[in-house]
Every structure is written in C-alpha cells, then in structure tokens.
Amino acid sequence: MTPSNEDYLEAIAEAIELHGHAHVSDVAAKLGVRMPSVSVAMRVLTDQGLVEYESYKPVRLTPKGQQLADEILSRHHTLRYFLRHYLKLEERHADELACKLEHSFDELAFEKLNAFIHFTTLNRLQTGETARVVRISATPLRESLKQNGFHRGALVGVPLDHPSPVTDAERLYTTPVGLQNLDIATAVKITVCRESRPN
C-alpha cells in the first residue's frame, strides 16, 4: 500500500464520517487533487478489494478497506494528538505533519507512542479508571453513541461500584449523561486517552 493510496482511503473514511457518504469530489477536495486522479486511484483501490466504486455513485469502503482506513485514521489521530498536546503545535500544523508522519511510523513505534500518551480502547479500561474519548470509528453508531455521552472529549470511565452487566458481552461505563451499558464490540471502536488509574 503506497502512502498515496493510504491518503485516499483516509479521505474516503473521513468523508463518510462527516457526511455519511464519500463522493469523488469530496476526496478530490480533501486531498487537493483533480477528480480524474481520484477516479484512477479508486480503480486501483477497487482492484485491491478496498473500495466499491462506480462512476457517479458514492465510494464505499469494503470491510477490508474499512479496517485499513481505521488503522490509518488511528495512526493519524495518535500523531496529531501527540503533536498538539505534547509538542504544542497549532492544530493545522499538527494535522499536516501527522499526515506526513503516519506513513513512516511502523507498528512498534505506534504501540510505544500510544503507551506513552496513554491511548487505548474503551474496553481496556479497568474498574476505577477514567479517560477522555479521542475517536469513535463505529461510523453507523456515532450519533447514537453521542446521545449516550460517548463523544470526542467526553470524560468516561468504569465505575468502582456498579451492578453486573447484563451479559458478558456488555460493560457499564460512566458518561456525562449517566451510566451506560455498552457492548464490547462497540467499546473496541472507541479510542480513549487515560486520565486516571485505580489506586
């Protein structure tokens, strides 16, 4: 996967997150390229099984493409967070630099960076821990999660004293709107930055 193709996947995923769909024109605008260039890239990504593309229709990510786009976006958000909050770069500069760096970092470097800035997924929080929501990659559920208190910047946690979850596949979390049950499969798609750990 070339850095350019990763940028296309990232732009598609971001357009879908923002608008619920991605058109060639959205991707062209995001990347500052011409629409014929995007069309050529869409054919390459289609051949790789990462997108479903037909002229004049929205571009859709395949499950394989969605997984790869989520990984790329996760790297981007991790780097942008580090550059903004640790190196104190302005938002636009941090975003542009994160876009360049995300293609150079390997998996080990990202694991170490995530550990350094205390990034994890919501399902990995321990009883008594709190964290801020950094990113939600469960696109179809985003609005529902937002209404239940899971949105970017929200302080969430695992309460110390709480009733048992309804099933083993669920867990109870504190949110700005109260206690919420959330299934583990969805919690895995919520990236958080730990704020406190249990004593």
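Buried means under 20% relative accessible area, exposed means over 50%, and partly exposed lies in between (1.4 Å probe, protein chains only). By that definition Val-188, at 41% relative accessibility, counts as partly exposed. The structure is a predicted model, in which local features need pLDDT of at least 70, side-chain atom pairs count only at pLDDT 80 or more, and totals for chains, interfaces and linings use all residues. Residues are numbered from 1 along each chain as its sequence is written, and side-chain values use heavy atoms, with hydrogens and water left out.

**Whole chain**

- The protein chain has eight helices and eight strands; helices (H or I, at least four residues) and strands (E, at least two) are DSSP runs, numbered from the N terminus.
- The radius of gyration is 18 Å, close to the 16 Å that the globule rule gives for 199 residues, so the chain is as compact as a globular protein of that length. The radius is taken over C-alpha atoms, and the globule rule is 2.2 Å times the number of residues to the power 0.38.
- The C-alpha trace spans about 55 × 35 × 25 Å along its principal axes.
- Of the 199 residues in the protein chain, 41% are buried.
- Among contacts with a separation of 6 or more, 59% are between residues 24 or more positions apart. Contact means heavy atoms within 4.5 Å.
- The accessible surface of the protein chain is about 11300 Å², and carbon and sulfur atoms hold 52% of this surface. Accessible areas come from the Shrake-Rupley method with a 1.4 Å probe; for residues, only the protein chains shown count as cover.

- Helix 4 (residues 63-85) has 23 residues, which at 1.5 Å a residue should span 33 Å; the end C-alpha atoms are 32 Å apart, in agreement. The expected span is 1.5 Å times one less than the number of residues.
- The buried residues of helix 4 include Gly-65, Ala-69, Asp-70, Ile-72, Leu-73, Arg-75, His-76 and His-77.
- These buried residues pack against helix 1 (3-19), strand 2 (60-61), helix 5 (91-101), helix 6 (107-116), strand 3 (119-121) and strand 4 (130-136).
- Thr-78, in helix 4, is buried, with a relative accessible area of 2%. Apart from neighbours within four places in sequence, Thr-78 is in contact with Leu-113, Asn-114, Ile-117 and Phe-119.
- Ala-13 belongs to helix 1 and is buried at 5% relative accessible area. With neighbours within four places in sequence set aside, the contacts of Ala-13 are Leu-61, Ala-69 and Leu-73.
- Glu-102 sits in the loop between helix 5 and helix 6 and is buried, with a relative accessible area of 0%. Neighbours within four places in sequence aside, Glu-102 is in contact with Asp-7, Glu-10, Ile-72, Arg-75, His-76, Leu-79 and Phe-110. Glu-102 and Asp-7 are 95 residues apart in sequence, with 9.9 Å between their C-alpha atoms.

**Other loop residues**

- Val-188 is in the loop between helix 8 (184-187) and strand 8 (190-196). Not counting residues up to four places away in sequence, Val-188 touches Thr-121 and Asn-123. The C-alpha atoms of Val-188 and Thr-121 are separated by 5.5 Å, although the two are 67 residues apart along the chain.
- Gly-153 lies in the loop between helix 7 (142-147) and strand 5 (155-157) and is partly exposed at 35% relative accessibility. Residues up to four places away in sequence aside, Gly-153 touches Arg-132 and Val-133. From Gly-153 to Val-134, 19 residues apart in sequence, the C-alpha to C-alpha distance is 6.2 Å.

**Positive phi outside glycine**

- Tyr-56, which is not a glycine, has a positive phi of about 65°. Tyr-56 is in the loop between strand 1 (51-52) and strand 2 and is exposed, with a relative accessible area of 85%.
- His-118 also has a positive phi, near 65°, and is a residue other than glycine. His-118 is in the loop between helix 6 and strand 3 and is partly exposed, at 33% relative accessible area.
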